[in-house]
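Subject: Structure handover

Hello,

Here is the structure for you to look over. My notes follow below it.

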Amino acid sequence: METIIEKIDPVHPDFAIMGQAGEILRRGGLVAFPTETVYGLGGDALNPEASEKIYKAKGRPSDNPLIVHIADREALEGIVKEIPAKALALAEAFWPGPLTMIFEKNGRVPLATTGGLDTVAVRMPGHAAARELIRRSTGYIAAPSANVSGRPSPTKAVHVIEDLNGRVEMILDGGPVGIGLESTIVDFTGQTPMILRPGYISGGMMERVIGPVCMDRGLMAEDSSVRPKAPGMKYRHYAPKAELTIVEGEENRVVETVNGWIREKEALGLRCGVIATDETAGLYRAETVMSMGSREDEESIARHLFDVLRRFDFLDVACIYSESFHTPRMGQAIMNRLLKAAGHRVIRV
Ligand code: TXA
Ligand code: MG
């Protein structure tokens with residue numbers, strides 16, 4: 001299939017292009033588009049054939065449900081059985097934005113979209129072009145991240161092109177995304193609201209609005225003894241081709257130890273890379289050192305993570321050492337992705 005690639009202004013997207021994209025979605029085709037978190041691979045959420053196409057284009061296991069994207073609050077009522085008061089309060093506080101909530105679905109949402117579950121994940125993105133696209137569609141766009149299953153989520157249109165060119169009807173290039181990590185997912189189907197995937201909206205931010213929120217225990221487990229509640233969180237994800245190791249400890253000690261390991265590897269003819277920060281990048285003696293930005297600026301770290309992981313795949317390195325990023329607000333989200341990418345390989349020095 002020939003993929004149409006169109007550049008759009010993320011705030012004032014071209015009328016004609018958005019019309020064409022909406023038309024593709026209504027016909028059951030696929031359109032990749034920018035959101036404020038990561039690029040999404042969109043299809044009509046109410047059309048089971050479109051959802052099947054999404055799974056196929058991504059190579060995604062069909063038990064891994066999709067998030068349904070809406071543009072206004074009324075649309076939520078059209079696809080769920082009930083809206084708990086706390087969910088309504090979070091919607092009030094954080095929608096449109098990087099928050100996904102799980103509800104019991106009604107009969108309009110096909111099981112093909114929810115991976116066979118009777119619950120549905122819903123998000124109202126804040127990105128202007130994403131919202132415009134939803135309005136031009138049936139009002140419901142199922143959209144996982146627009147990467148091939150297992151690869152880092154796309155934060156730039158080139159990432160989408162790398163993974164999906166020739167597999168989708170259209171890719172909308174709205175430039176680099178603002179946040180760079182996928183939305184926070186919170187589940188309302190149990191007793192206490194539960195975070196199934198940490199993101200930009202932290203537990204603390206939600207607790208200020210609705211009181212206690214808990215974290216899925218399956219997220220913390222380094223082994224698979226406790227299954228995460230979001231089916232997608234159990235899969236190996238984001239891993240670069242090179243072996244990635246996270247190194248934790250006091251800054252000087254991390255730099256010294258990593259430099260020692262690099263010397264050892266290089267003596268064996270193996271090239272190494274380092275994931276560092278602006279403050280430390282100059283201190284490492286590796287062939288390639290990539291900075292995530294300043295350690296003081298956690299939003300920059302979040303925004304660069306997936307791009308850095310993808311860029312390493314174009315380089316001939318056998319191993320990558322990464323600093324850890326337990327930053328105040330988004331640290332949980334950043335470390336959740338980085339730990340997955342590293343297959344939980346962490347060395348404390
Ligand atoms: O920021 C985002 O959320 C992006 C953009 C495009 O909106 N989308 C995204 O979708 O990250 P995806 O498919 O890559 O991740 C969705 C996650 C998966 O881990 C999936 O298992 C989980 O949400 N999920 C979806 N529906 C669920 C449900 N009904 N119950 C539990 N987990 C669910
Ligand atoms: Mg994904």
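Start with the ligand: an oxygen atom of ligand 1 sits 2.6 Å from an N or O atom in the side chain of His-69. That is a polar contact, meaning a pair of N or O atoms within 3.5 Å; within protein, one atom must be able to donate a hydrogen and the other to accept it, and residues adjacent in sequence count only if both atoms are side-chain atoms.

Before the rest, the ground rules. This is a predicted model, in which local features need pLDDT of at least 70 and side-chain atom pairs count only at pLDDT 80 or more, while totals for chains, interfaces and linings use all residues. Residues are numbered from 1 along each chain as its sequence is written, chains are lettered from A and ligands numbered from 1 in the order in which they are written, and side-chain values use heavy atoms, with hydrogens and water left out.

Ligand 1

The side chain of Arg-60 also has an N or O atom 2.9 Å from an oxygen atom of ligand 1. A nitrogen atom of ligand 1 lies 3.0 Å from a polar side-chain atom of Thr-119. On its own, ligand 1 has 680 Å² of accessible area, and the protein covers 97% of that (Shrake-Rupley method with a 1.4 Å probe; for residues, only the protein chains shown count as cover).

Strands S4 (67-69), S6 (119-123) and S10 (194-197) are the elements that give two or more residues to the shell around ligand 1. Helices (H or I, at least four residues) and strands (E, at least two) are DSSP runs, numbered from the N terminus. S6 gives the most to this shell, with 4 residues.

There are 29 residues around ligand 1, and Thr-37, Asn-64, His-69, Ser-183 and Gly-232 come nearest; a residue is near if one of its heavy atoms lies within 4 Å. By type, the shell holds 16 nonpolar, 8 polar and 5 charged residues. Here Ala, Val, Leu, Ile, Met, Phe, Trp, Tyr, Cys and Pro count as nonpolar, Asp, Glu, Lys and Arg as charged, and the others, Gly among them, as polar.

The parallel sheet

S14, S13, S15, S12 and S16 form, in that order, an open sheet of 5 strands with parallel pairing. Its edge strands are S14 (288-291) and S16, each of which pairs on one side only. From one strand to the next, the twist averages 25° (axes are lines fitted to C-alpha atoms, for helices over the stretch in contact, and angles run from 0 to 180 degrees between N-to-C directions). Two strands pair if DSSP finds at least two bridges between them.

S13 (272-276) and S15 (319-323) run parallel and are joined by 4 bridges, with Val-274 opposite Tyr-321 in S15. S12 pairs with S15 in the parallel sense over 5 bridges, and there Thr-245 stands opposite Tyr-321. S12 is also joined to S16, in parallel, by 3 bridges; in this pairing Ile-246 faces Val-346 in S16. Of the 6 residues of S12, 5 are buried (buried means under 20% relative accessible area, exposed over 50%, partly exposed in between; 1.4 Å probe, protein chains only).

Backbone points to check

Most residues other than glycine have a negative phi, and most peptide bonds are trans. These are the exceptions I noted.

- The peptide bond from Trp-95 to Pro-96 is cis, with omega near -10°. Pro-96 is in the loop between helix H4 (85-94) and strand S5 (99-104).
- Tyr-238 has a positive phi, near 70°. Its loop runs between helix H8 (217-220) and strand S12 (243-248), and Tyr-238 counts as buried because its relative accessibility is 2%.
- His-344 has a positive phi too, near 60°. This residue is in the loop between helix H11 (331-341) and strand S16 (346-348), and at 26% relative accessibility it counts as partly exposed.

One more loop residue

Glu-36 belongs to the loop between strand S2 (31-33) and strand S3 (40-44). With a relative accessible area of 13%, Glu-36 is buried. Its side chain reaches the backbone nitrogen of Gly-126 at 2.8 Å.

Regards
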